[in-house]
Amino acid sequence: MWKLLKYLKKYKLESILAPLLKMTEAMFDLLVPLVMAQIIDVGIHNRDTGQILKMGGVLVLLGLIGLAFSLTAQYFSAKAAAGFGTAVRNELFKHINSLSYREIDTIGTSTLITRITSDINQVQSGVNLVLRLFLRSPFIVFGAMVMAFTVNVRAAMIFVVAIPLLSVVVFGVLLVSMPLYKKVQRQLDRVLLTTRENLLGARVVRAFNRQPDEIKKFDEENDLLVRSQVFVGKVSALMNPATYIIVNAATIVLVWTGAWEVDEGIITQGEVVALVNYMSQILVELVKLANLIITISKSLACANRISAVFDVEGSIKEQNHGKIVTEAEKARVSADISAADAEGRDRTSAESGKAAGVPAAVPKVEFTNMDFCYAGAQEASLSDISFTAMSGQTIGVIGGTGSGKSTLVNLIPRFYDVTNGSVRIDGTDVRDYPVGQLRDRIGVVPQKAVLFKGTLRENMLWGKADATDEEIYRALDIAQAREFVDSKEQGLDLPVEQGGRNLSGGQRQRLTIARALVRRPEILILDDSASALDFATDAALRKAIRENTKNMTVFLVSQRATTIRNADKILVLDDGQLVGQGTHEELFDTCEVYREICLSQLSEKEVRAHG
Amino acid sequence: MAEKNDQLQKPTVKETDAVKTQKLSKKETDAEKAQKPAKSRASAQLLQHRSTIKRVLAYIGNYKWWVLVSLLLAGVTVAATLYAPILVGDAVDLIIAPGNVDFAGIRTILYRMAVVVAVTGAAQWLMNHINNRITYQVVKDIRTRAFGHLEVLPLRYIDSHPSGDVISRIIADIDQFSEGLLMGFTQLFTGVITILGTLGFMFVINYRIAIVVVFVTPVSLVVASYIAKRTYVMFRKQSETRGELTSLVDEMLGNQKIVQAFGHEDEAQEQFEEINERLRGYSLRATFFSSITNPCTRFVNSVVYASVGVVGALAAVRGLLSVGQLSIFLSYANQYTKPFNEISGVVTELQNALASAARVFELIDEEPLSPEPADAVELQQADGSVAMDHVYFSYRSDVKLIENFNLDVKPGQRIAIVGPTGCGKSTVINLLMRFYDADSGAVRVDGHDIRRMTRRSLRANYGMVLQETWLKSGTIRENIAYGKPDATEEEVIRAAKEAHAHSFIRRMPQGYDTVISEDGGNLSQGQKQLLCIARVMLCLPPMLILDEATSSIDTRTEIRIQKAFAKMMEGRTSFIVAHRLSTIREADVILVMRDGRIVEQGKHEELLARGGFYARLYNSQFAAT
């Protein structure tokens with residue numbers, strides 16, 4: 001938590017001056033009752049009009065000086081707090097971006113978003129408040145007591161008793177009611193849950209004719225809510241009357257004591273009035289202090305949550321910066337691709353490998369005895385996976401939900417690090433590549449088709465920052481998105497709303513495919529990326545990818561047997577195990593799981609017919 | 001929710017300027033929302049406010065005796081609160097100088113004061129408590145009413161309104177309303193009485209000083225409102241920029257995996273820092289401007305205090321005022337401005353509350369389902385014949401959907417509904433279950449128009465398993481027995497077994513008593529669907545509506561679901577939204593849908609021979625690629 005304080009360093013001066021200035025202001029506040037006492041004891045008693053006017057002037061002057069101090073303090077604290085919040089926000093955003101999939105999975109995206117937005121806002125306003133009030137309020141409470149002592153020790157003893165009593169009541173009520181408020185909140189959440197459930201399940205509720213029961217259940221939840229609200233209300237309603245009684249009881253005692261002291265000539269009438277004034281000042285400040293403490297404790301909780309994110313370190317570390325990909329190799333890679341594009345060579349891996357001057361034996365992607373276990377998981381999500389994919393091959397990956405298909409392809413761009421074994425690209429372990437370079441060579445089309453706010457062109461440039469319109473159109477052609485883009489008047493300047501809301505699911509999916517193709521990746525990963533496309537478009541897409549990207553190694557993840565049946569190699573996953581690899585025909589005869597999948601979707605005749 | 005949390009935890013003590021700043025930022029955004037409509041609509045808004053107030057008062061009217069008691073207590077509290085300083089002043093007047101102190105008189109006054117203070121404390125607590133009760137009861141009444149209305153709203157409304165919007169009306173809006181109402185009760189009334197009472201007392205004691213106070217205090221209000229106006233602009237800018245930042249964060253962090261996959265981190269950071277820097281500027285100004293309100297009003301108050309002190313002292317010199325009376329004025333001068341500031345806060349809060357209440361009433365006013373005709377028949381066990389007779393239907397009058405649709409289903413037939421994703425297969429389900437009414441034409445079950453039977457009995461004759469599995473939060477047993485709450489343990493288990501769900505349920509930590517979290521988070525998609533099947537299996541009505549899963553279920557579970565479906569369909573009229581060719585081929589009638597319309601209907605071979613959309617759809621799936 002204290003680590004966050006370093007972001008305040010730039011505002012050291014402001015952070016020190018603000019509380020000091022506020023304290024000075026408070027000091028002037030404390031002088032007011034004394035001045036008033038002077039007016040009564042000197043001015044009125046001696047009928048000295050000049051003195052009264054002078055003291056009146058002093059009062060206004062005290063107010064003015066207080067105002068000046070306080071404004072400066074407010075400005076300093078606002079400046080320090082805003083600067084602090086901004087710095088923490090920037091750092092946190094940077095830090096979150098350095099986290100890898102493993103950490104993101106563990107923490108959860110929505111948590112991260114809350115931390116960087118509302119948590120930081122809360123801490124920022126906490127800093128602002130602390131700078132302004134933390135010294136001021138206690139200073140006035142104790143200052144009032146000290147002033148009372150300067151007036152009269154016996155009368156001051158009443159303060160010594162009253163202040164702790166008041167504190168006990170104020171903080172006691174807070175302490176008791178805060179957990180109760182949390183309970184109310186939980187109950188409100190239950191009411192919300194019931195409401196949500198009934199909205200989302202409206203069809204089922206009606207289909208089963210359960211409306212009356214649902215209303216009854218809601219009434220019960222609602223009733224509980226009201227009861228807890230009334231209860232907590234009863235407790236917090238104690239605060240005002242109780243403090244009122246204590247302060248006034250103290251005042252009664254004060255007047256009585258004051259009467260004796262005056263009678264004995266120890267203090268004056270004006271000083272009695274001053275003591276009464278101090279008493280009422282204390283109450284106001286104590287209540288402020290209590291509220292301040294609530295805010296501080298909330299801010300502290302938020303600060304701790306923010307620190308917790310800072311404490312998480314990205315697990316993907318670069319071990320060999322820039323060691324692997326030499327300039328020569330880069331040239332080779334691009335030559336490789338353009339050669340293939342130009343000539344449309346036959347797509348066996350051996351041949352294309354030769355053409356590029358790389359030994360045919362080196363596979364593009366190779367998994368060797370690879371195990372993978374998600375953070376915190378008991379069992380491995382993938383175990384003992386070994387296979388090779390040659391340059392230019394299409395690899396189909398099939399299996400049920402949770403069988404590990406997506407996990408497998410996520411390991412290629414090193415979104416996760418393997419637990420055991422290795423993943424190699426061009427014969428080199430992915431952990432030995434600089435992360436940026438590695439990912440530049442791979443085009444990923446995720447399951448969820450997401451586009452970003454901006455124009456269509458800006459979205460396409462994600463794939464390659466300096467892509468020309470020509471390159472973009474080529475990618476759109478392959479992704480079967482050209483027609484749709486051309487139909488829009490703005491073409492590539494078409495504005496895309498956040499998440500691509502203004503486009504249909506199918507359109508989004510085709511555009512995300514195009515985005516990955518813009519960079520002409522050596523490896524293309526389609527993670528169940530055609531689910532929103534109808535069969536015809538899906539087929540046309542696969543055909544176009546095949547024809548236009550000769551040397552690209554394509555990973556096709558799908559649940560549909562028809563999608564992957566023509567792949568050069570099919571990987572069959574079942575519960576984290578690689579239970580079969582080979583072509584459609586081979587697997588259909590030899591792999592039980594694959595057979596089962598195919599037959600659940602197609603008839604035997606169909607399976608055989610078009611193979 | 002975080003924000004709500006803050007508000008709920010806010011104790012009912014007076015706000016510090018700190019808490020106010022925070023709340024202000026929220027208020028401003030709300031106010032901004034309210035202010036969006038052009039000013040010309042202000043009068044219309046006022047009218048709406050008036051009718052909203054009337055309705056709120058009608059709800060409060062149920063508790064009018066309590067309200068009366070609360071008002072009475074408020075009067076007592078204020079009078080006593082104002083009387084206490086007078087007593088102190090009187091006592092001070094009896095303490096003049098050494099040897100000149102009237103102890104007997106002081107004792108009487110102090111005794112009286114003790115009684116007054118005790119009465120005030122008791123009255124204040126009781127009043128707060130009663131206010132709480134009234135508020136929460138009223139809120140409960142409205143919330144119950146709103147929820148009850150939810151159950152009779154046509155699905156047309158529910159489908160066309162985002163669920164978040166409806167939920168926020170029932171939860172957040174009503175909550176906001178309750179806060180405003182409570183503040184109105186506790187602060188508005190006492191605030192007004194306090195101001196009037198203070199003025200009254202001051203004029204009685206010394207009208208000249210009272211006039212000074214009356215003329216100087218408004219200055220603090222003017223200053224405060226001047227600052228508030230300035231601040232408002234900054235707060236709006238701040239919340240706009242915050243919104244911009246949040247949406248960027250939402251976008252970039254929500255899709256962080258894509259950002260990383262494309263190496264877009266640096267660009268994102270740059271964008272973030274640019275917005276963040278702008279935010280810093282606005283945030284600094286908004287915080288600063290809002291935080292100067294307090295010192296400024298404090299300064300005005302100290303001027304008032306000084307004026308009262310000087311004028312009072314001068315009056316005392318001339319013998320027009322006693323020192324005790326001066327001390328009364330001083331303490332009044334301290335208190336007098338507070339209710340003004342509070343009331344202006346309450347007014348904003350009340351405006352928000354009214355806006356929220358209006359949104360809730362809007363929901364309550366939404367037209368409910370058409371009432372059932374008086375002679376509606378109870379459909380007993382249907383034989384399973386379903387007919388659609390010249391049915392026309394569309395969701396929006398300008399987009400035609402189903403036109404002149406005819407269908408004749410004999411008992412026990414299987415109807416497959418096919419078509420690309422999003423082609424509107426659910427429309428047919430909506431019409432069959434009478435979630436929506438046909439625009440013209442008729443849907444008949446057992447030869448009777450379904451509009452002439454009770455919705456209840458019609459729906460009881462259908463068993464429905466949708467792909468979007470909906471489960472209640474509750475135990476597995478409760479979920480299976482959802483359609484038949486009085487089912488015995490044996491019945492539940494039998495249904496689970498027939499749905500092939502028994503084995504996985506047994507493996508759950510508490511078996512049938514395992515609590516399913518919201519949306520069935522602790523179950524896989526396939527398991528959820530099996531539970532939905534078990535739920536229907538328990539009642540097994542004569543007609544079925546089934547929605548086959550597309551992709552998200554693993555093969556083995558899928559085979560089980562197929563078996564369970566087959567078991568259910570035996571001898572029952574079934575409508576199946578089909579994705580699987582085997583299901584489609586075995587259907588007695590295939591309805592081919594496209595863009596929400598039924599384009600073809602017939603048997604598999606017939607449709608293939610026709611060479612239309614169905615044939616294309618079928619072939620494309622097996623096109624050599």
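**Figure 1. Strand E9 meets strand E10 in chain A of this predicted model.** Let's start with a pair of neighbours: strand E9 (residues 523–527) of chain A is joined to E10(A) by 5 bridges, and the two strands run parallel.

**Figure 2. Helices H4 and H10 of chain A cross each other.** H4(A) covers residues 109–133 and H10(A) covers residues 269–311. Their axes come within 8 Å and cross at roughly 140°. The two helices are therefore oblique to each other. Their crossing is left-handed. On the H4(A) side, the residues making the contact include A:Leu112, A:Ile120, A:Val123 and A:Leu133. On the H10(A) side, they include A:Leu292, A:Ile296, A:Cys302 and A:Val309. Sorted by class, this contact has 12 nonpolar, 4 polar and 5 charged residues. A:Arg115 and A:Asp119 of H4(A) and A:Lys288 of H10(A) are also among the residues that make the contact.

**Figure 3. Chain A touches chain B.** How many residues does each chain bring to the contact? Chain A gives 148 residues and chain B gives 136 residues. On the side of chain A, helix H2 (residues 49–97) gives the most, with 25 residues. The residues on this side of chain A are 73 nonpolar, 52 polar and 23 charged.

**Figure 4. Chain B as a whole.** Chain B has 21 helices and 14 strands. Of its 625 residues, 44% are buried. Now consider contacts in chain B between residues at least 6 apart in sequence: 79% of them join residues at least 24 apart.

**Figure 5. An open sheet of 6 strands in chain B.** Trace the order across the sheet: E8-E11-E12-E5-E13-E14, with mixed pairing. Which strands stand at the edges? They are strand E8 (462–465) and strand E14 (597–602), and each has a single partner strand, so one side of each is left without a neighbour in the sheet. From one strand to the next, the twist averages 15°. Helix H12 (residues 425–432) of chain B packs on this sheet, touching E5, strand E11 (543–547), E12 and strand E13 (589–594). The direction of H12(B) makes about 150° with that of E12(B).

**Figure 6. Strand E12 of chain B and its partners.** Strand E5 (residues 414–418) and strand E12 (residues 573–577) of chain B run parallel and are joined by 4 bridges. Along this pairing, B:Arg414 has B:Ser574 as its bridge partner, and B:Ile417 stands opposite B:Val577. E11(B) also pairs with E12(B) in the parallel sense, over 5 bridges. In that pairing, B:Asp547 has B:Val577 as its bridge partner. E12(B) is mostly covered, with 5 of its 5 residues buried. B:Thr573, B:Phe575 and B:Val577 point one way, B:Ser574 and B:Ile576 point the other way, and all are buried.

**Figure 7. An open, antiparallel sheet of 4 strands in chain B.** The strands follow the order E4-E3-E6-E7. Strand E4 (402–409) and strand E7 (448–449) stand at the edges with a single partner strand each, so one side of each has no neighbour in the sheet. Strand E6 (residues 440–445) and E7(B) are antiparallel partners over 2 bridges. Look for B:Arg444, whose bridge partner in E7(B) is B:Asp449. H12(B) packs on this sheet, touching strand E3 (386–393), E4 and E6 of chain B. The direction of H12(B) makes about 115° with that of E3(B).

Note on methods: Residues are numbered from 1 along each chain as its sequence is written. Chains are lettered from A and ligands numbered from 1 in the order in which they are written. This is a predicted model: local features need pLDDT of at least 70, side-chain atom pairs count only at pLDDT 80 or more; totals for chains, interfaces and linings use all residues. Axes are lines fitted to C-alpha atoms, for helices over the stretch in contact, and angles run from 0 to 180 degrees between N-to-C directions. Angles under 35 degrees count as roughly parallel, over 145 as roughly antiparallel, 65 to 115 as roughly perpendicular and the rest as oblique. A crossing is left-handed if the near helix is turned anticlockwise from the far one by less than a right angle, and right-handed if clockwise. Two residues are in contact if their C-beta atoms, placed from the backbone, lie within 7 Å. Ala, Val, Leu, Ile, Met, Phe, Trp, Tyr, Cys and Pro count as nonpolar, Asp, Glu, Lys and Arg as charged, and the others, Gly among them, as polar. A residue is buried if 20 or more other C-beta atoms lie within 10 Å of its own, exposed if 12 or fewer, and partly exposed in between; C-beta atoms are placed from the backbone. Two strands pair if DSSP finds at least two bridges between them.
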